[in-house]
Amino acid sequence: MLDETAQLSERIANLEIELAERRRAEELQRALYEIAALSAADSPQHEHYVELHEIVGRLMYAKNFIIASFDAEQGMIRQQYLVDEDPNEVMESFPFGEGISSLVIRSRLPWLMDHALFESLVAAGEIRAPRGVVDFNSWMGAPLIAQDRVYGLIIVQSYSADVTYTQADLDLLNYVASHVAAIVARWQSNIALKQANDELAASAETLRLLGDIGKDLTVSLDALAICMTMEKHIAALLPMDAFGVALLAPDGDSLDYIYYIEDGVVDSANSYPLDHPTSLAVLTFREDRELTLFNDTQLGSAPTATNIEESAPILSAVFRPLIANGRRIGVVTVQSHLADAYQERDLEVFRSATAYAAIALANADAYATAEAARAQAAQALHDLHQAEAHLVHSEKMAALGQLIAGVAHEINTPIGAIKSSGRNISEALDSALLDLPGLLDELDAAHRVHFSELLKRASQPKAVLSTREERAIVREVTEKLEALGLGQARHRAGLLVQLQSHTDVDAMLPLLRHPAVDRILDTAHGIATITTNADNINTAVDRVAKIIFALKSFSRFGGVQVWTESDLREGLETVLTIYQNQIKHGIELIRNFDDLPPVRCLPDEINQVWTNLVHNALQAMDHKGNLTLGLRRDGDNALVSVTDTGCGMTPEVRARIFDAFFTTKPAGEGTGLGLDIVRKIIEKHGGHIFVESEVGRGSTFTVSLPIAGVE
Amino acid sequence: MEKGVLLCVDDEIIVLTALKDQLRRAFGSDFHIDVAESAEEALELLDELALDGHKLLVIVSDWLMPGMKGDEFLIKAHERFPSVVKIMLSGQAESAAVDRARREAALHDFLSKPWNAAALVESINQGLKERAV
C-alpha cells in the first residue's frame, strides 16, 4: 500500500511536472508566436519593446529588462529599451569594451551571472565592473544573433535574493533571444532599406534639382543671365549671403568679377591679377582646387567688395574653379555670415551647379565669339555687296558713258533737222504771204484753177523716195521738159518732182508756159515746203521721243527694283534704239522674235543684260556684220539669243569670260565686269546663260529665264 | 553751162530734207542743190555731175554714216575736186577724223548738229569767197 501510495504520489508529481512543463511549453509557444507577429512592424517602436518585455515577463522574472543594439561598424552598444527598479539605471550608449554586455556580444554566448562568477571574471581581467560595484543578485544576458551576426543583446536581472535564475531560465532566454534576433535583424534590414530608400530619394531629388539648375543655366547664352540664374538656385538651396563669379580675362592674366552680390547688393566689377597675394578667387584659380574656408583667418585678409558695406563678417566661404572642356575659365564663390554654413551635401550641390555654370559660361563665351565672328562676316558681306553694287553701278555708268556720245548724235541729228525745218517753214510762210497775192493777181481764172490743183498735189502725203530714185525721176522729167523746149529743164524738173506734179507734165503745161512760171513754181514749192518741213519735224520729233524714252528706261539708277511682268521684246527694242546709231552703220540686224508671254523679272537689270550682250556683239564684229536677236519659248523658260558674226572666242577665252575682271579689251575700255554682272543678274532671276563660239565665225550668247520668275 | 552744184551728204533723210529747203532758199537762184544718203552714193553722183558738165562747188557732209565715214569721203572728193568747198556737219565726230579731214581734204569748216542755218550759209559764202581768191 505504501508502495502504491508512493508510486501514486510519484506519478502525480511526475504528472504535475509534466503538466507544468506542458504549460510552460504552451506559454513558450504563445510567446514565440507573439514575437513572430512583431515582425509585421517595419521598424522598432517603443511599444514593440514593451510588448517584448511583457512576453519575456510571462516566461520568467523580468522586472529589470534591457534590450541593446550593437553597432559593429562604430563599435557602439546602444540601449534601446530599459526598465529597471534601480533609478540610477538610465538608458545609455557606450563603446563596446570590457563590460558584461560586451562580454555577451564578444563571446556570442548567453551568460548566467552571480556575484561569484562576476567577481572571478573581474579578477581574471575578462570584464570590468561598471561603476565599480555589483548590485544584482542574479544576471542573465543573451546575444541577439541572426544569420551569424550579433545585433545586440537582451538582459534580465534580479536585485532580489528570492529570485535567482537557473540554467533552464538561461536556456529559455537564449531561445527567446534567438527569435527576437530574427525580428531585430528584420527591423535592421528594414531600417537600412528605408535609409537607402531615403538616401536614394534624397539623391534623386538632388539630381532633379541639379538637372533643373543645369537646364536653367544652359538655356541662356548671356553670361550675366547665367550668373543670376545660378545665384537664384544657390540661394534657394544653400545658406548664402554673398555670391560671385569671376572669369579669366581674355588676355589671360587676371580674374574679372563679372558678378558679385553680397547682402542683396550687386558690387561693381572688380579685377584681380593672377599674382594677387590675398584674393581667394585668384588662389583658387591658381591652385586649381576647391577652397573651403570656415572661420578662417584668410577670410579676413581677403579683399572685400568695394561698394558694399558688410552687414556682418563672412564666416564661411567656398571657392571653386569653373572648368569647361578641361579649361579653367574662372572661379565661382558662395559665402555666408554663418559659421560652418556648408555641409557635405551643400558642397555637392554647389559643385554640380558650378560644373553646369562652367559649361553655360563657356557656351556663352563661345556664342559671343561666334556672334562677333558672324557680325564681322555679315559686315564683310555687306561691304562686299556695297563694293559689288558700286562696281555694277560703275560698269553701268561706263556703258552709259560709251553710249552717251552715240546718243548725242542720235538726238542732235533730229534736233538739227527740226531747227532747220522750223526755220524753213517760217521763211516759206513769209515768202508765201508776200508773194501769193501778187501772183494770184497775175493769174487768170483758168490758171488759178491749175495753180490750186498744183498746190493740192503738193500737199499730198509724199511717197518716200531715196535720193537716188528721186534723181532718176528728175532726170527723166528733165528730158521731157527739154523735149518740150522748156528752159531751165533740170531746175524745173526738180521742182515738179518736189511738188508731186511730174507724172502728168501735160497737165502742167499751161503753168509751165505761163510767163511767171518761175514765180508760180517757187511760190507753190514754198507753200509745199511748209507741209514737207512740218512732216519732217514730226518725223524728227518721233525719233527724239523714241530715244528719250529708251534712255529713260535704260538709265534708271538706284531706283527700287520691282519684279514686274515684262515684255522682253520691248526691252530688246529699247536696247536696239540706244544702239541704233552703232547698228545702222554696217550692221545687218535680224530679228527672230516669237510671241512670248511677259516674263516676271527686274526689267532694268534684264535690260542691262541685253545692253551688255548687244554691246559685246557689236564690238566683237567691229560694227560690221550680222546681229541676230532671237526670242523664243522653251517650256517654262524664255530663251533670248544674241548672235554676232564677229571674231569669236578661243576655248580658253570662252572659259573665262564670266570671271570678274577678265577682259580682252585694251586697258581702260572694259572693266571686265560686264559678263560677270550679266551672269549674276541672270542667276538672280533663276536663269542660265550659255555661250557657243567659234574663232572667225562669231558667238551666240543664249539666256534662259524662267517665265514665272523666281520670287 | 549748168548752174554750180551744192551737194549735201547725210544718212538721215530728215536732215537732207531740212538742208535742201534751207540751202535752196539761200542759194537756189544761183546753185543747184543735190543730196545723197551715203558717201558711196555721193561719189557716184560726183561722176554723174562731172559727166553732165555740172560744176561742183560745195560739199556739206555728215561724218558718222553707214559705210564710208565723212572724213574718208571728203578726202576722196578732195582728190578729184581739190577746189570744192568742203564742210563737215555732224552731231558726233571723232576729233582725229576732223583733224584728218582738215589736213587731207582741206576741210573748210566743221559745224556740229544741231546747226544754225545762218552760220551754215555764212560758212558756205565764206568758202566760196576764199575759193574765188
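Trainee: A crossing is left-handed if the near helix is turned anticlockwise from the far one by less than a right angle, and right-handed if clockwise. Which is it where α5(A) passes α6(A)?

Mentor: Right-handed. This is a predicted model: local features need pLDDT of at least 70, side-chain atom pairs need 80 or more, and totals for chains, interfaces and linings use all residues. Residues are numbered from 1 along each chain's sequence, with chains lettered from A and ligands numbered from 1 as written.

Trainee: What counts as a helix or strand?

Mentor: DSSP runs, numbered from the N terminus: helices are H or I, at least four residues, and strands are E, at least two.

Trainee: At what angle do α5(A) and α6(A) cross?

Mentor: Roughly 160°, with the axes of α5(A) (167-218) and α6(A) (223-237) coming within 9 Å. Axes are fitted to C-alpha atoms, for helices over the stretch in contact; angles run from 0 to 180 degrees between N-to-C directions. α5(A) and α6(A) are therefore roughly antiparallel (over 145 degrees).

Trainee: Which residues of α5(A) make the contact?

Mentor: A:Leu209, A:Ile213, A:Asp216 and A:Leu217. On α6(A), A:Met230 and A:His233 are among them. Contact means C-beta atoms, placed from the backbone, within 7 Å.

Trainee: New topic. What's the strand order in chain B's sheet?

Mentor: β2-β1-β3-β4-β5, an open sheet with parallel pairing. Strands pair if DSSP finds at least two bridges between them.

Trainee: Why do β2 and β5 have a side without a neighbour?

Mentor: β2 (31-36) and β5 (109-112) of chain B stand at the edges, so each has a single partner strand.

Trainee: How many bridges join β4(B) and β5(B)?

Mentor: Four. B:Met88 stands opposite B:Phe110 in β5(B).

Conventions
Angles under 35 degrees count as roughly parallel, over 145 as roughly antiparallel, 65 to 115 as roughly perpendicular and the rest as oblique. Two residues are in contact if their C-beta atoms, placed from the backbone, lie within 7 Å.
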